[in-house]
Amino acid sequence: MQRKLMWLLAIAFLAAGNQSLEAQGVLIGAKGGVNIANVSTDDPEIGDTESASGLILGAFVSFELGDFLVLQPEGFYSQKGFEVSEGDFEGSAGLDYIDVALLLKGMLTPPGTAVRPAVYAGGVVSFESSCDLTLDGVPFDCDDPEADFERGETDFGVAFGAELQFDLGQAILLADGRYTLGLRNLDTSEDVSQSVKSRMWSFMAGVGFRVN
């Protein structure tokens, strides 16, 4: 399943590149910052959860399809997870992902403006790269049978956000804030009536360079 998704995303990225050959410009850059991640759940075994912070770091390519429309593929290393505190029990889950996103951005001011705000939305596919648990101060591997942490290792979601670009000529400085809403139930235990879905705020800064 993961291989099929990767092929589909690769085809989408190639199509975006071909479509952008007549675009006004291409921007390549990198950005990073912090995630504030959690899960929404009705699983009584998990109970109330608290947010966990982590790093997010990656790269993007922006294809200008017009004066006000941009297509932007992205790839990130993204740290997510959540914390649980109930009575004397404390636990945390740390999950690292490779996030691949395809965003459509609407620019709110015309090209050449010194400061250009934008809003965007798009799809995100996340592939788990590592996972660890801490239960009452004792570390566990997520795949340890004693941890009883059955989960889906691929997630699907949508991202909504806003961006502020500062035009420096050949370079662009940017500030980015977004909310990513996981759509897949990550609980793969036998009781499929329970729901565990990822939720995450991301705040990033970055730089991009025009290549044409």
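**Close-up views of charged and polar residues**

The count comes to 11 salt bridges (a side-chain nitrogen of Lys or Arg within 4 Å of a carboxyl oxygen of Asp or Glu). The model is predicted: local features need pLDDT of at least 70, side-chain atom pairs count only at pLDDT 80 or more, and totals for chains, interfaces and linings use all residues. Residues are numbered from 1 along each chain as its sequence is written, and side-chain values use heavy atoms, with hydrogens and water left out.

**View 1. Salt bridge between K31 and E74.** The closest N and O atoms are 3.0 Å apart. K31 lies in strand 1 and E74 in strand 4 (residues 69-86), so the pair ties together parts that are 43 residues apart in sequence. Strands are DSSP runs of E, at least two residues, numbered from the N terminus. Both K31 and E74 are buried, where buried means under 20% relative accessible area, exposed over 50% and partly exposed in between (1.4 Å probe, protein chains only).

**View 2. Salt bridge between K31 and E163.** Here the closest N and O atoms are 3.8 Å apart. K31 in strand 1 and E163 in strand 8 (residues 154-167) are 132 residues apart. E163 counts as buried because its relative accessibility is 4%. Salt bridges that share partners join K31, E74, K105, E163, D176 and R178 into one network.

**View 3. Polar contacts of N35.** N35 is in strand 1 (residues 25-41) and is buried, with a relative accessible area of 0%.

Definitions and conventions: Helices (H or I, at least four residues) and strands (E, at least two) are DSSP runs, numbered from the N terminus. A polar contact is a pair of N or O atoms within 3.5 Å; within protein, one must be able to donate a hydrogen and the other to accept it, and residues adjacent in sequence count only if both atoms are side-chain atoms.
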